[in-house]
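Below is a briefing on a two-chain protein model. Look at the sequence and structure, then read the points by topic.

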Amino acid sequence: MSKRNNVVLLSSDDDDGSINRSLSSNHCYKTKPKLKNSTTSRRLKKPRLSTSQTRFSILHQINLLDEDFNEMFTGSKVSPDTQRSSTLEQWVDKYKPCSLEELAVHKKKVEEVKSWFEERLKASKGVYKNNVLVISGQAGVGKSAAIHVIASHLGAAVCGWNTPTPVLWQEHLYNSGAGAQYTSKLDEFENFVERIRKYGIISTSFTGESKPSAILLIDDLPMTNGKAAFGRLKDCLQLLVYSTQIPTAILFTDYGNTDSADYNARCLEELQLSLESSGACKVAFNPITTNSIKKTLFRICQMEHRDVSADHVDNIAKASGGDIRHAITSLQFFCLKPNQVHSLSLFTHSPGVLKDECNKPVRSNDGYYLHYGRDETLSLFHALGKFLHNKRETQSSIEYDQDSFLIQERFSRLPLKMDVPEKILCQSHAQPGLVTGFLHENVLDFLDDEAIDDAWTLSSYLGDADILLAKLRGMLSSDSDTGSVLQSAAASVAVRGVLFGNSQPLSSRWHTIRRPQLWHVEKASLHKKNEMLRLRFPACKCLSSYHISVMATEYMPISKLLGNRACGVYHEPHQELLKNMDMEDVGFDQMSLYEQLETSDDDIEDW
Amino acid sequence: MLWVDKYRPKTLDHVMVHDLIAQNLKKLVTEQDCPHLLFYGPSGSGKKTLIMALLRQMFGPGAEKVKVENRTWKVDAGSRSIDIELTTLQSANHTEISPSDAGFQDRYVVQEIIKDMAKNRPIDTKGKKGGFKVLVLNDVDKLSREAQHSLRRTMEKYSAYCRLILCCNSSSRVTEAIRSRCLNVRINAPSEEQIADVLEFIGKKEGLQLPSGFAARIAEKSNRNLRRAILSFETCRVQQYPFTSKQAIPPMDWEEYISEIASDIMKEQSPKRLFQVRGKLYELLINCIPPEIILKRLVYELLRKLDDELKHEVCHWASYYEHRMRLGQKAIFHIEAFVAKFMSVYKSFLIATFG
């Protein structure tokens, strides 16, 4: 629960402190011990430590006045115990955009957000019904930076909710020993929203000042666990949308498609939708273009007086995937390496020797050893597409030299036009069972009509994968290491089997990828089995019970043939079952893919 | 009540098919020393009937007063406790369960139930026979290896309190240790003549006129499965009476479906057809037809239409994939692999023969 002014205003610092103290008294002291570490790990987002606010804002303001001075200043004042931090200060914070021009976000988006705030700040209360703006975008596209810059441009104060640091169990034990109450973060958030709705942000300390305009920024939403908590959060936010008087920005971080099977990500999506439906405006920030990242990077290089070649900047920008924060950090890291070694060794070695020493590895590694990329992720469907389409070079470019062992012609395939399959699997974060299921369902579509031999090879390999996965069941959770090895082996066998088996890949055309029908089959047969189990005892008149296979292969068909007579026997439970069946079927169709994923997985576990 | 149940022999004396075994069992029980028993034999041969009659011999008519109960066992499995739900059939003196219904948690069930029974030992008031309960375990061959091991231990530990009657289709999947602790009783599939006799007996009791050879025809179709023979006999009665000697004996719907699949496979061999076949196989699986039976029947249908030259190879692959099916968990993968293999073999055969 912090309150922070934009950079221009020096005078309201004291207020900040007092507000913080009054608003968040219950978790003040427990965050104190962390204060020192946090100076180095500060990021573009505003610090989450409320009591440290005053110091930070001082730091930040001076930061802009004079960088060199600032370096010394932070080194001496804020973290006197960590001398190194002067060089380690994050460029992300140092070169935070402070004008609209510096913002790397697309101009039109910025304009859109700006005009939205402008209108609402100028208009008197109650003109606009919707005072909430939802900004979404993946991590590091400058959502919060944009809000801050726009606010400072409009001369408004940004007031925000930042998630308080979570309380660890040990901490809690310690706190409760000291008499402090624990409040759930969700409760705190609810209180906060309640207060905002009722009183606005003009709290006591503001009364004397001529500072009417303020923007409410909700950056981190409290984590919710479980349906009930999520529902509370949703209601609370909706209330905010309906009744807030202050222009409010709520930031959502998209996690991309890759993680969308994740429960939390789905919750966020749902939350966004519910906010929109209750009247909030929505602006989606796209990943930042490579060009504007490059521009920013060059600007920073200039200001830091670093000479980084255009190639490197280009690589960094490309590898960042539109995440400018990441790009800046990797630039800093890239620039830092040689120099830090330099400065450290200054104390131990004579300068002449050292220069050669420390520049060597960097230079020699330059060409291929640059790790400024972050791990790419692929969506499941993307990965599946790669495997199924099975794109290969048109002709073998490999000459058989003496070292490579010769393969019979029927086993040799053209080189793949993709990464190693295991790497793709790794990037897609998919469960082996899932991959196998999807491959099994879809692979036949990608086969040539004549290629029944290939179909056999394929399905045989998929069977191998299934056997590997089945081995896992017996072990339960006792052997997680072996389990994961088995799992990845299974996925690898499945994928490579599919790639190898499809010896004459079709030229690619559009195919939709279906979700495995097998899930439906498993579910339906389970249902049927239960139905039969219930029929089993009436059917055999309580003397003994039949096995389920006997029921399925003999009793059920016969009872169908016998028609009325048998119906007399089975009448009662049957009606009920039919009803159940209907209801479940409806549920089936409505289920979205992801729910399907989840439920059927569960079923398989229970089986 | 279906005829199968109505004409099920109630006592060992009334047993028609395995009368010799029945007499032996009777002697065994009257001598008061009942070992653990293991009944095995194909489906529909009369294992259950014999067991029920045996129980009645042991405990009198009281053994027929059974109640169905859904019981939940709380089992302590290492770090966590699991709830396992099973349906049991219970009388005062015996309990019948199919532990394999519990899936891979079956080993807990077996131990837990036997312990439970041992705790609630029946009080022997008359000082006569008894003093032990009987636990009937169905489908012992479907039990996991661990479960069979735990069964072996409990068999020894609690043998003073309870007798086990195990029942399964094939003794080959029951561990040696268990087999050697039981008296093994093999129940053959009844011969076609025996089945025809039973059908005629039922016909007489029901007051039906059977054309000559009709019972024999049903028996022939029944695949030496008495239960199935009686069921189809009843179906024929419902469909058409008086019987005619040419009357069609209705096949099981799933068998027809499989023969349809077989002719699909014979007609065209392509990935597209394989995909259609998969859809049909799914249909069968949804109806809970066990995958082993599907595969077996499919091979049977395919072999009927096949050139002799290929039969050996096809059988080889069928058994290969059946084995893999048991190792794996998703049967469809393996059935489909078999179908693909068959298509591939058959297609190359066609090309070789006809060009």
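B:Asn223 is exposed, with a relative accessible area of 61%; exposed means over 50%, buried under 20%, and partly exposed in between (1.4 Å probe, protein chains only). This is a predicted model, in which local features need pLDDT of at least 70, side-chain atom pairs count only at pLDDT 80 or more, and totals for chains, interfaces and linings use all residues. Residues are numbered from 1 along each chain as its sequence is written, chains are lettered from A and ligands numbered from 1 in the order in which they are written, and side-chain values use heavy atoms, with hydrogens and water left out.

**Positive phi**

- Most residues other than glycine have a negative phi.
- B:Asn223 has a positive phi, near 65°, and is not glycine.
- B:Asn223 sits in the loop between helix H8 (214-221) and H9 of chain B. Helices (H or I, at least four residues) and strands (E, at least two) are DSSP runs, numbered from the N terminus.
- A:Asn390 also has a positive phi, about 55°, without being a glycine.
- The loop between helix H18 (380-389) and helix H19 (421-428) of chain A holds A:Asn390.
- A:Asn390 counts as buried, at 1% relative accessibility.

**Interface of chain B and chain A**

- The size of an interface is often given as the accessible area lost when the parts come together.
- Chain B and chain A bury about 6000 Å² between them, and 62% of it is on carbon and sulfur atoms. Buried area is the accessible area (1.4 Å probe) that two parts lose on being put together, summed over both.
- Chain B brings 69 residues to the contact and chain A brings 62 residues. Contact means heavy atoms within 4.5 Å.
- The rule finds four salt bridges across the interface. A salt bridge is a side-chain nitrogen of Lys or Arg within 4 Å of a carboxyl oxygen of Asp or Glu.
- B:Arg278 and A:Glu441 form a salt bridge through their side chains, at 3.9 Å from N to O.
- H14(B) gives the most to the side of chain B that touches chain A, with 10 residues.

**A:Trp456**

- Helix H21 (residues 452-475) of chain A contains A:Trp456.
- Leaving aside neighbours within four places in sequence, A:Trp456 is in contact with residues of chain B including B:Trp317, B:Tyr321 and B:Lys341.
- A:Trp456 and A:Gly501 are 45 residues apart in sequence, yet 8.1 Å apart in space, C-alpha to C-alpha.

**Nonpolar cores**

- The largest nonpolar core has 106 residues. A nonpolar core is a set of buried Ala, Val, Leu, Ile, Met, Phe, Trp, Tyr and Cys residues joined through side-chain atoms within 4.5 Å.
- Those with the most contacts inside this core include A:Phe387, B:Phe233 and B:Ile265.
- H14(B) gives the most to this core, with 13 residues.
- Another core lies apart from it, with 43 residues, among them A:Val92 and A:Ile328.

**A:Ser525**

- A:Ser525 is in helix H23 (residues 517-539) of chain A.
- A:Ser525 counts as buried, at 8% relative accessibility.
- A polar atom of the A:Ser525 side chain lies 3.2 Å from the backbone oxygen of A:Glu522.

Definitions and conventions. A polar contact is a pair of N or O atoms within 3.5 Å; within protein, one must be able to donate a hydrogen and the other to accept it, and residues adjacent in sequence count only if both atoms are side-chain atoms.
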